[in-house]
Structures are given as C-alpha cells and as structure tokens.
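This report describes the pockets of one structure and the residues that line them. The sequence and the structure come next.

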Amino acid sequence: MMKSFINVSDIGPLDKAMAEAFEIKNDRYKYQHLGKNKTLMMIFFNNSLRTRLSTQKAAMNLGMNVIVLDVNAGAWKLETERGVIMDGDKSEHLLEAIPVMGCYCDLIGVRSFAGLTNREYDYAETVLQQFIKYSGRPVFAMETATVHPLQAFADLITIEEHKVVERPKVVLTWAPHCRALPQAVPNSFAQWMNAAPDVDLVITHPEGYELDPQFVGNAVVEYDQKKAFEGADFIYAKNWSNPGVTNPADYGKITSKDMSWTVDTEHMSWTNNGKFMHCLPVRRNLIVTDDVIESPNSLVIPEAANREISCSVVIKRMLEAL
C-alpha cells in the first residue's frame, strides 16, 4: 500500500519493482484501466522539462486525467511558514492551498527544490511533508529538497539494461558548476545504488563535499578521482553544492570550482569502456565535455526516456492502493 513515494524503501522489494518496470516498458498501456476517471495533480514550485513531460506521459499511459499547476506562473504566491504576518506579496498560505488542491485530484506529485540556506529546513522536507500531512491524497516526489527518486529509479533501470558484467562498478562523481545546486540527485542515486543487490558504488568528490551519511550508506568514498574511475563500468557525473556535513556553515555554498573534475575523454579512458550518465540538463564543458556526452557510450538520452517507465511504476502502485 504505497501512500507516498520519497525513498527507495517506499517502492517495496526492488527486484519486483524492476520486473514491473520492464513489463511496463514492453506494454506501456497495459494498465490503462487503473487510471480511468482518476486525476493526477502535478505541482511545480520549480522549473522542469523531463519530470513534467515524463510524469504527464506516464499518467496518460495509465488512463489518468492530468492537471499541471505552476505555482510561480499563474497561481497566487504561496506562504510556506507558519506564524507569519502575511502583509507582503504572498496572498495564500500553503496550509489552505494544499487541502483545496486535494479536493480536485486523486494523486499529487510535488516538485520543490532546496533553498540551500537552511539545512535543517531543507533536510526536514518541510514543503513535501505538508502535502503529505494536509492534502488527504497519496503524494510522490518529483524532486524535493533532498531527493529525486524517480530519476534514481530510471537510472537503475538504465544500468540494468546496459550493463555487460553481472556486478558493475558504478561511480558517482562530483563535477564543477557555475551555480549552487541541490544534493537531491546524488542523494537519491547513492541511496538507490546502495539498495541494488548487484552494484558496487564508489562516490568521488573534493574533500568537504561529503554527502549525508544516510545516503552514502555502504558506498566507498574515494577522494582521488582517477583511482575512483579505474575499472568503472558506469560514470554518473553530477554537481552538488556543499552539503554542510563536515562544516555546517558551508551548506549550499560553492567551495570548489576545480575544473580538473570535468569529465573528458582522458577521464573516461581510465574506465572499463565505461558508459557516461547524467540526469540532464547538463552544462557542457563544465560537467562533461562535448565529445564524451556525444560519444556512443553516452546514455543520457536512454536514461531520460526511462523516466517515463520509473514514473509509470510509481503511479501504477499508487493507483492500486486507492
């Protein structure tokens, strides 16, 4: 009975979820009856391309009606804090807006990024938890302050499809960026790879960029990027701002812009003919060079396509629990 979907533990036995993913990929419309006369509301506090398109397509494949709400484009500005005197530019409180939204749908997907100023607020998943508490509807994460489980599920599907050894070495590597980005994608990627029974996960990043231990799990942390890449079957590149684990004052800051971490042809030559992965959108020649992302070993497009599949499994499970 899946009432919310945030972490890998919510999906249940991972082998069954993976089998279901490949079943749906073979017949995307097999479960259309589940969504008949049901409505999904997708709520975006932040921009989206793959998440919006893949989630809407998945819901439609399952026979659902879909309502998309861009909170910052056409809705009243929403206050999220309790105890605030609302005499500014925010006309409606989330605590009224959420139950109203719940009146008009059967499932809710929420996308709300980290503010990167208050670690405690972000890691408490304050906005998402309010939807779970007050909407009266099953809620799933379309990327939140700390996690992006639909992406990580799609990543695991992609690795399963493209692996050439039974137990691949998968490397999550930090790469430089011009903006401070959340830790949601690397957090979820690490969490899901740890949960997979046949993956050896290595995480590599500059010192001080350690992810929260709850997500690192049993992964090997290697600060020497070349050593981490050696013999790797998959390279997953992603920037994240400082998680503030070793120094809370650094939370959300850019404390390294080391361009030697950009994934280029030399980096990939250290691997075992490794496949390149990234969640997209990607800043070319910061995260990865043109030649690597355009190479035959780049999986960024199949990876994006599998977002439809991961989301289909999640929505199907939630419809079955209604």
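In this predicted model, helix α7 gives the most to the lining of the largest pocket, with 3 residues. α7 covers 184–195, and together with α2 (50–61) belongs to the elements that each supply at least two residues of that lining. The space in the largest pocket comes to about 650 Å³. Its lining consists of 31 residues, of which R111, F113, L181, L280 and P281 are the closest to the centre. Sorted by class, the lining of the largest pocket holds 15 nonpolar, 9 polar and 7 charged residues.

The second largest pocket has about 530 Å³ of space. It is lined by 25 residues, and F45, T80, S112, Y121 and V127 lie closest to its centre. Two or more residues of this lining come from each of β4 (78–79), α4 (119–123) and α5 (126–134). Among the elements, α5 gives the most to the lining of the second largest pocket, with 3 residues. By class, this lining divides into 10 nonpolar, 9 polar and 6 charged residues.

| Pocket | Space | Lining by class |
|---|---|---|
| Largest pocket | about 650 Å³ | 15 nonpolar, 9 polar, 7 charged residues |
| Second largest pocket | about 530 Å³ | 10 nonpolar, 9 polar, 6 charged residues |

Note on methods. Residues are numbered from 1 along each chain as its sequence is written. This is a predicted model: local features need pLDDT of at least 70, side-chain atom pairs count only at pLDDT 80 or more; totals for chains, interfaces and linings use all residues. Side-chain values use heavy atoms; hydrogens and water are left out. On a 1 Å grid over the protein atoms alone, a cavity is a set of points where a 1.4 Å probe fits but cannot get out, and a pocket is an open set with protein on both sides within 12 Å along at least five of seven lines; lining residues have an atom within 4 Å of a point. Grid points are joined across faces, edges and corners, and a volume is the space filled by probe spheres set on the points. Helices (H or I, at least four residues) and strands (E, at least two) are DSSP runs, numbered from the N terminus. Ala, Val, Leu, Ile, Met, Phe, Trp, Tyr, Cys and Pro count as nonpolar, Asp, Glu, Lys and Arg as charged, and the others, Gly among them, as polar.
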